[in-house]
Amino acid sequence: MGKSKGGKDLESPEVKSKTDSEDEIIERGNWSRKLEFFLSCLSYAVGLGNVWRFPYICARNGGGAFMIPFLCMLLITGIPLVFMEMAFGQFASCGVVSVWSVCPLFEGVGWAMFVVSVLIAIYYNMIIAWTLYYLFASFTKTLPWSFCGVWSSDGCFEDRAEISNCTRFGGVWYNSSCKTMDSVGLEEFLHIQNITNHSSLEHHSPSDDYFHKVVLDITKGINDMGEVRWELALCLLLAWLLVCICLAKGIKTSGKAVYVTAFFPYLVLTILLVRGVTLKGSGDGILYFLTPQWDQLLNAKVWADAAVQIFFSLSPCWGGLITLSSYNKFHNNCMLDAVLVSVMDCLTSVFAGLVIFAIIGYMANELHVGVKEVATEGAGLAFVVYPEIVTKLPVSQLWSILFFAMLITLGLGTQIATVTTVHTTLIDQFPHVFRQGRRSLILLFIISGSCYLMGLAFCAKGGMYVLQLFDNYAATYSLLFIGLVECMTLSWVYGTDRFFFDIELMLGSRPHWMWSIVWRFVAPLSLAVILIFTCVNFSPTKYDTYVFPAWADGLGFILTLTSILAIPAVGLFKLFMEMRNTRHSFLQCARKLLKPLPKWGPALKEHRLERATIDDIDVSAFESQVPLTISSVNGINSSFPHPTNSRL
């Protein structure tokens, strides 16, 4: 067993006595306050998708009627999976790989989560970098995307309302003016119509041109990546520096950062909602968002979209929930946390929808078009539609700064938890290397530096196309597959009865039997259906009107397989090593690797003694973390000597 110079055990985190510091693990660390854990999970779950994806998905799938399948999927997949992962991480107090000592054959699930988190961390920070670019650009006398500059395309037009008015009354916009039959005559009008119908020129707003020609300077396709844009590279570097600052001292600093990343978005959303409802046309946008279309409930795709939205919004199977909960005190009520985080995430999505559609309604009114024609999702909403909207508001710089500052905090909340997952996994796997001195901080810089260098591909002129591939393939099919394997392993291989006993040790009461039904049948079936639906509805990746070539989607599937293949690869490696070391048969080794290792269990020894009674494990197999002179647990008395470095 390796020791540091001070004599501390480097294999197992050193812990104080429960009577001294309420189960605090010193070297690994715990949350300073329970609120910090809750806010971290909330910041992790509430991300950019709540603002730029859910409102559009809801409006497209029946408006207010969409809330019914949305809430149903929250109950049968969202809350159960969040609770499962929180309880799993909290019970063992270790990262996404180490925690699979519960079933060594499926340790690859942990490595798959690790790979997914790495891929997400690489590309997610690029979105924050774009947001930083816009935030800095907002500190100007005139917002640079409020007019058509020298950088604009021929189709750039500052007042699209004029074009809308022209076409609405039967005219044709041509050569910067509205041509009607009365003004130019029938023959000339038909000639102009013919020219415009065959013209490839499209009208763009200044904000659209600014994003694609100034910020991205985007190329025509993924075949042409172009050079790296140094402005974006600097913004990406700043984004990674912000992450490093928030994680400089582990969860002790990230726990303080979440007070900003959790509360600030709600403050800004409230301000934007108050301002939005005072704008003309906002009511039309809100009505479009909330008006139920009951016939949509008969559409299977609506229910599938609700399940997909719940699954990807709450972020189970990324590894973040397991990692964050692993820093909890052993008796924390993770069931209550799971319910509150899940419900708050869904309420935030609805709240954000009201804000976004109030403002979109105003935009539609200004352009004299329907709300449906303005509504969009993703980067188009954040970097094209909303920037255009703020140019029409008084003190537009203020609303621009508030909006992009909110997006930064939303993004950082998710990014911090994702990088924490990567960082914690490596520390827990290699404690001899990274737990000494400042090595943990050095590891953080190595992770950030490596991800930054790989992220420079997104800073190229064709970087948007690479980001679209990552967004479509890094954490979609793989997450559903990982979640399915995780759920089946914990509920069928390890067993819900054992898991219920573990939870009872932490919470003091046994979970309701309904959790067993959901974990064993409902959640796995739901994940399988979502996975099948996602595969059946596959379509080639596209950005705007550009459709990616087949080879690009091929690379995307390879990206998906990098995480999925970790599950069978690690399992086969474990089997090979076990067969080589023991000379036992394949089936004998497989049965052994399906059982928990002796080290599986809580971090504190008094809790491990309680856990040992159900599996009839030899207590002497446990490494001493909290030396006990006399420990009486469930009628078992054990004596242990006082070592010289005891903290009792």
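Is the crossing of helix 26 and helix 27 right-handed or left-handed? It is right-handed, meaning that the near helix is turned clockwise from the far one by less than a right angle, while anticlockwise is left-handed.

Some ground rules come next. This is a predicted model: local features need pLDDT of at least 70, side-chain atom pairs count only at pLDDT 80 or more, and totals for chains, interfaces and linings use all residues. Residues are numbered from 1 along each chain as its sequence is written, and side-chain values use heavy atoms, without hydrogens and water.

**Stop 1.** Select 566-582, helix 26, and 586-593, helix 27. Helices are DSSP runs (H or I, at least four residues), numbered from the N terminus. The two axes come within 9 Å and cross at roughly 115 degrees. Axes are lines fitted to C-alpha atoms over the stretch in contact, with angles from 0 to 180 degrees between N-to-C directions. Show Lys 574 and Met 579 in helix 26, then Phe 586 and Leu 593 in helix 27; they are among the residues that meet here. Contact means heavy atoms within 4.5 Å.

**Stop 2.** Select 251-277, helix 12, and 334-367, helix 16. Their axes come within 9 Å and cross at roughly 35 degrees. This crossing is left-handed. In helix 12, show Tyr 266 and Gly 276, among others; in helix 16, include Phe 351 and Ile 359.

**Stop 3.** Select helix 24, residues 513-536. Ile 517 sits in helix 24.

Key. Helix = DSSP H or I, 4+ residues; strand = E, 2+ residues; numbered from the N terminus.
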